[in-house]
Amino acid sequence: MFNNSYKNKVVLVTGHTGFKGSWLSIWLKELGANVIGYALEPYTKDDNFVVTNLKEKITHIIGDVRDYKKLKAVFDKYKPEFVFHLAAQSLVIESYKNPRETYETNILGTVNIFEAAHQTNSVKVIINVTSDKCYDNKGWVWGYRENDPMGGYDPYSSSKGCSELVTAAYRNSFFNPQEFEKHAKSLSSVRSGNVIGGGDWRKHRIIPDCVRAFKKGEPIEVRNPDAIRPWQHVLEPLWGYLLLGSKMYEKPKKYCGAWNFGPNSDSIITVRKLVELFIKKYGQGSWRTAPDESPHEIKTLTLDINKARTYLNWSPIWSIEKCIEKTVEWYKKSDKDDLYDICVAQINDYISDMEKC
């Protein structure tokens, strides 16, 4: 796949111990990449990174993206060609509790990645993974496009908007496509919807909350049942990131920029409907409305993905029902199977369905 762009290449993934980062690292390893992971310790002993024993399958480095000296030493030692930057403080509620840490990690951490890449000749492709919440959200029913203004009401969302502004500034100032022959680097940012899938155990995320409630025999506590979100399986945006990275490697000046990787319209549903579908697929459970702990949360958020459809030939593959089915499959097998093999099998199922489209 991807014209063998990643085979035998050194690929640095920051945030590889996290939910999306671990799945991306597995996919890259299966593509033949030499994966270097740089991140904080995993959140729990049940995280996808831990239960797949990914520590033994890639180069695993514990480090903070705010530590520029240590980060630069990793760039110097391993000389990556691709950099996927996923390390972040990724929760809205946590950003209200620890705004300084959120801004330092999501903004200064991004600057450190770009500066290390700027000073490392081997780097060819840099992809900064931000969030659909980076936009100045007006509560519109139509999707946000890549050229809509950045914003963010809460610390997390605004930190991601700032990360996008930093990306644009570095692309203009140091990685300008019109001066590619001088720096030989291509920089993009990517924004996805609300991802679900196996191996996520963070608090204040609806699927982990569902599974924890099931295991305790308790109702699921749902904070915002009527909030509308663009739900997608974790493999959907990762397919987009990997496709974009391969295109940037082949034609760096053409494909650098900002890209949305959201779901089809039938997967843009309320939290209520998502929970009810998850309960149905899981075969047990109930839910109830819980007090909302966050001071503010936009009710509607969707992404326009026509740019990726048109220029990358990328589009979502799985329906919301299939996304939930695959998520349930992972959690139901998590106590007894080799989870790395389960992840690889789901990646292969996704590729097979993609090839049928």
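The largest cavity is lined by His85, Leu86, Ala87, Ala88, Asn106, Thr110, Asn128, Val129, Lys160 and Ser163. The model is predicted. The volume of this largest cavity is about 30 Å³. The count of cavities of 30 Å³ or more comes to 1. Three elements, α5 (99–118), β5 (125–129) and α6 (155–173), each contribute at least two residues to the lining of the largest cavity. By class, that lining holds 4 nonpolar, 5 polar and 1 charged residues.

Helix α8 (206–216) and strand β8 (220–222) each supply at least two lining residues of the second largest pocket. The most comes from α8, with 4 residues. Charged residues number 9 in this lining, alongside 5 nonpolar and 1 polar.

Aromatic contacts were considered next. A pair of aromatic rings is described by the distance of the centres and the angle of the planes. The structure holds 21 aromatic pairs. One of them joins Phe2 and Trp239, with 5.8 Å centre to centre and 40° between the planes, a tilted arrangement. Phe2 lies in the segment before β1 (10–14), and Trp239 lies in helix α9 (residues 235–250), so this pair ties together parts that are 237 residues apart in sequence. Phe2 and Trp239 are both buried.

A further pair involves Tyr241 and Phe261. The ring centres of Tyr241 and Phe261 are 5.9 Å apart and the planes stand at 70°; the pair is therefore edge-to-face, since the cut-off for that class is over 60 degrees. Tyr241 belongs to helix α9 and Phe261 to strand β10 (residues 257–261), so the contact ties together parts 20 residues apart in sequence. Tyr241 and Phe261 are both buried.

Ring pairs also build a cluster. Its members are Phe2, Tyr6, Trp27, Phe82, Phe84, Trp239, Tyr249, Trp318 and Tyr350. The tilted pair of Phe2 and Trp239 thus has both its residues in this cluster.

The charged end of Arg202 sits over the ring of Tyr43, at 4.2 Å from the ring centre. Likewise, the charged end of Lys332 sits over the ring of Tyr282, at 4.9 Å from the ring centre.

Terms used: Residues numbered from 1 in each chain as written. Predicted model: local features only at pLDDT ≥ 70, side-chain atom pairs only at ≥ 80, totals over all residues. Heavy atoms only, no water. Phe/Tyr/Trp six-rings, centres within 6.5 Å; stacked < 30°, edge-to-face > 60°. Buried < 20%, exposed > 50% of the residue type's maximum accessible area, 1.4 Å probe, protein only. Lys NZ or Arg CZ within 6 Å of the ring centre and 35° of its normal. 1 Å grid on protein atoms, 1.4 Å probe; cavity = no way out; pocket = protein on both sides within 12 Å on 5 of 7 lines; lining within 4 Å. Points joined across faces, edges and corners; volume = space filled by probe spheres on them. Nonpolar A, V, L, I, M, F, W, Y, C, P; charged D, E, K, R; others polar.
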